[in-house]
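Welcome! Please take a look at the structure below, and then read on for a short tour.

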Amino acid sequence: MTQNTKESNIMPQTIISAQNLTQKIQLAQKQLTIFENLNFDIQEGEQVAITGRSGSGKSTLLGILATLDQASSGKLVVCGESIAELNEEQRAEVRLKHIGFVFQSFQLLPHLTALENVMLPLRLQEKFKYAEAEQKALNLLKRVGLERQAQQTPKVLSGGEQQRVAIARALIREPKIIFADEPTGNLDGETATEIEQLLFELNRELGTTLVLVTHDPKLAAQCQRHYALIDGQLVEQFAAKPTAAITGG
Ligand SMILES: Nc1ncnc2c1ncn2[C@@H]1O[C@H](COP(=O)(O)OP(=O)(O)O)[C@@H](O)[C@H]1O
Ligand SMILES: [Mg+2]
């Protein structure tokens, strides 16, 4: 594991690089272009928000960046790996090693306790040691404020607590990047703010790159970089100043 030193903050490394990234879907009658020729870089440790209307392609883009889906064309490099050149198994390897994912609907396994849910990604590791994994999961549950709920199953946890478990699970393999698709979409305002702050704190503490899809312009404005997906194009948004304009890409 490389250390997140001061130097690496000063000289950021590109962790995601997209060139002419395009997603077109062939439907029975016509071809649907979800986005076309996106070009952008994300630096290690950065917080990046992606906003856009419902149906604008945010989840599709996030799924491709997280290597869950493949783009129809273009080049995508994630953690040094050229994704288009990898097969399914190799992409799974990249995900396992480098990527954590947080979903709007939490996606916890209902019959497992919070602790077991958090430990789950470690079970896929070759050298799985129960006691070590358990300790690591407990530490993370403590970090997200759920030490006392470790033995509870998801159904007795609140939405915010379930999302905390999901965040701990996403972090347990110490990923380089966390992708979060509307992680506060199912939470009330106050809980949403707590979860947002937790994601930012963890980004700062651990140096984990955070790529966040959100509906919330206030949240997006808190991120170091904010892109809007508009008509299949990614348009960088800049903090509102009286004369600030959106520059074309
Ligand atoms: N496999 C698919 N087949 C057909 N349409 C799709 C497919 N995947 C996504 N879409 C369409 O692409 C658009 C973008 O979807 P999505 O990425 O879920 O948007 P968002 O997350 O911004 O709401 C939507 O209109 C959706 O219906
Ligand atoms: Mg979506």
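**A residue and its neighbours**

Leaving aside residues up to four places away in sequence, L140 touches V118, A168, L171 and I172; touching, or being in contact, means that the C-beta atoms, placed from the backbone, lie within 7 Å. This is a predicted model, in which local features need pLDDT of at least 70, side-chain atom pairs count only at pLDDT 80 or more, and totals for chains, interfaces and linings use all residues. Residues are numbered from 1 along each chain as its sequence is written, while chains are lettered from A and ligands numbered from 1 in the order in which they are written.

**More about L140**
- You can find L140 in helix 5 (residues 130–143); helices are DSSP runs of H or I with at least four residues, strands are runs of E with at least two, and both are numbered from the N terminus.
- L140 counts as buried because it has 23 C-beta neighbours inside 10 Å; the cut-off for buried is 20 or more other C-beta atoms within 10 Å of the residue's own, with C-beta atoms placed from the backbone.
- Q90 lies 50 residues from L140 along the chain, and their C-alpha atoms are separated by 28 Å.

**The core**
- The largest nonpolar core has 60 residues, of which V48, L65, V118, L141, A168, F179 and V211 touch the most other members; such a core is a set of buried Ala, Val, Leu, Ile, Met, Phe, Trp, Tyr and Cys residues joined through C-beta atoms within 7 Å.
- Helix 6 (residues 159–171) supplies the largest share of this core, six residues.
- Not counting residues up to four places away in sequence, V48 touches I42, L210, V211, L212, C223, R225 and Y227.

**The whole chain**
- The protein chain has eight helices and 10 strands.
- Buried residues account for 37% of its 249 residues.
- Along its principal axes, the C-alpha trace spans about 50 × 45 × 45 Å.

**Around ligand 1**
- The residues surrounding ligand 1 are I25, L32, I34, G52, S54, G55, S56, G57, K58, S59 and T60; to belong here, a residue's C-beta atom, placed from the backbone, must lie within 6 Å of the ligand.
- Strand 2 (31–43) and helix 2 (58–65) are the elements that give two or more residues to this shell.
- Helix 2 gives the most, with three residues.

**Confidence**
- The protein chain averages a pLDDT of 91, and 92% of the residues score at least 70; pLDDT is the predictor's confidence in each residue, from 0 to 100.
- Confidence is lowest in helix 1 (residues 6–10), at a mean of 52, and highest in strand 4 (residues 73–78), at 98.

Terms used
Buried ≥ 20, exposed ≤ 12 C-beta atoms within 10 Å, placed from the backbone. Contact = placed C-beta atoms within 7 Å.
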